[in-house]
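Please look over the following structure with its covalent cross-links, its strands and its charged pairs in mind. The briefing below takes these topics in turn.

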Amino acid sequence: GRYQTRSGIWPSVLLPSSTGGLPRNETTIAEVLKKEGYATAIVGKWHLGVGINNTYLPTNYGFDYYMGIPYSHDMCPCSVCFYPDQPCFNDCSPEFTPCPVFENTKIIRQPADYLTMTASYTNTATGFINRNAEAKKPFFLYFPYQHTHHPQFASKAFRNTSIRGTFGDSLNELDWSVGEIFSAIKSAGIETNTFVFFT
């Protein structure tokens, strides 16, 4: 990697109203691995631009598949973050439109549903793992979670499951999802041939 200032992403993060994004001449790990025959996917937060005509979405940077919100979920209006209808406990951005969920370059849901988001992301990620393992095709999956960036959120299964309150519930859901990814890798029989980098 390299510092964002060297890529022109400075002095702040990109907003939903930003027209720019990661310069097209930047080389991503997905582009490098795709040339080596890897299937590539990103599930989750991109936050490197959308642009006019989706110029800066990840499918233009070596990713075969993309599903997720193209920026942080606090950059949208938000009302419900906890089952069944409890509010978000941090400020969101009512001046922007509701968060879109993209699949490749198409919006498949708007507004994003925080109560089902992690399960949807996880199912998409494990499906990608299983398909490529069955096909014996090397793959690169980049999974930048919306968790645990504010506002915290959690589905029905994880609401009130932690003594740490809303952050703990959010973290429990993240922990579950990471466990599902590891389970998929193990069930596919590729655990000794798969590198997982969690940061």
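The torsion about the S-S bond of C76 and C99 is about 80 degrees, so this disulfide is right-handed. The two sulfur atoms lie 1.8 Å apart, and a disulfide is taken here as a pair of cysteine sulfur atoms within 2.5 Å. The model is a predicted one, in which local features need pLDDT of at least 70 and side-chain atom pairs count only at pLDDT 80 or more, while totals for chains, interfaces and linings use all residues. Residues are numbered from 1 along each chain as its sequence is written, and side-chain values use heavy atoms, with hydrogens and water left out.

**Disulfides**

- A disulfide is a covalent bond between the sulfur atoms of two cysteines.
- By the distance rule, the count comes to three disulfides, and when the bonded cysteines of the protein chain are numbered in sequence order, the pairing is 1-6, 2-5, 3-4.
- C76 counts as buried at 0% relative accessibility, and C99 counts as buried at 2%, where buried means under 20% relative accessible area, exposed over 50%, and partly exposed in between (1.4 Å probe, protein chains only).
- C78 is joined to C92 by a disulfide with an S to S distance of 1.7 Å, and with 75 degrees about the S-S bond this link of C78 and C92 is right-handed.
- Because C78 lies in the loop between β2 and β3 and C92 in the loop between β4 and β5, the pair ties together parts that are 14 residues apart in sequence.
- C78 is partly exposed, with a relative accessible area of 21%, whereas C92 counts as buried at 17% relative accessibility.
- C81 and C88 form a disulfide with their sulfur atoms 2.0 Å apart; the torsion about the S-S bond of C81 and C88 is about 85 degrees, so this disulfide is right-handed, and both cysteines are buried.

**The sheet**

- Five strands form an open sheet in the order β6-β5-β2-β1-β7, with mixed pairing, where two strands pair if DSSP finds at least two bridges between them.
- The edge strands are β6 (106-109) and β7 (139-142), each of which pairs on one side only.
- From one strand to the next, the twist averages 20 degrees, with axes being lines fitted to C-alpha atoms (for helices over the stretch in contact) and angles running from 0 to 180 degrees between N-to-C directions.
- Strand β2 (residues 65-68) pairs with strand β5 (residues 101-103) in the antiparallel sense over two bridges, and the bridge partner of M67 in β5 is E103.

**The surroundings of S177**

- S177 has its place in helix α3 (residues 165-187) and counts as buried at 0% relative accessibility.
- The side chain of S177 makes a polar contact with the side chain of T122 at 2.6 Å; a polar contact is a pair of N or O atoms within 3.5 Å, and within protein one must be able to donate a hydrogen and the other to accept it, with residues adjacent in sequence counting only if both atoms are side-chain atoms.
- Leaving aside residues up to four places away in sequence, S177 touches T118, T122, F143 and Y145, where contact means heavy atoms within 4.5 Å.

**Salt bridges**

- A search of the whole structure finds three salt bridges, each defined as a side-chain nitrogen of Lys or Arg within 4 Å of a carboxyl oxygen of Asp or Glu.
- D64 forms a salt bridge with K34, the closest N and O atoms being 2.9 Å apart.
- D64 lies in the loop between β1 (39-43) and β2 and K34 in helix α1 (residues 29-35), so the pair ties together parts that are 30 residues apart in sequence.
- D64 is partly exposed, with a relative accessible area of 37%, and K34 counts as partly exposed at 40% relative accessibility.
- The side chains of D113 and R109 meet in a salt bridge at 3.6 Å, N to O; D113 is partly exposed at 22%, and R109 counts as partly exposed at 42%.
- D169 forms a salt bridge with R159, with the closest N and O atoms 2.6 Å apart, and both D169 and R159 are buried.

Conventions: Helix = DSSP H or I, 4+ residues; strand = E, 2+ residues; numbered from the N terminus.
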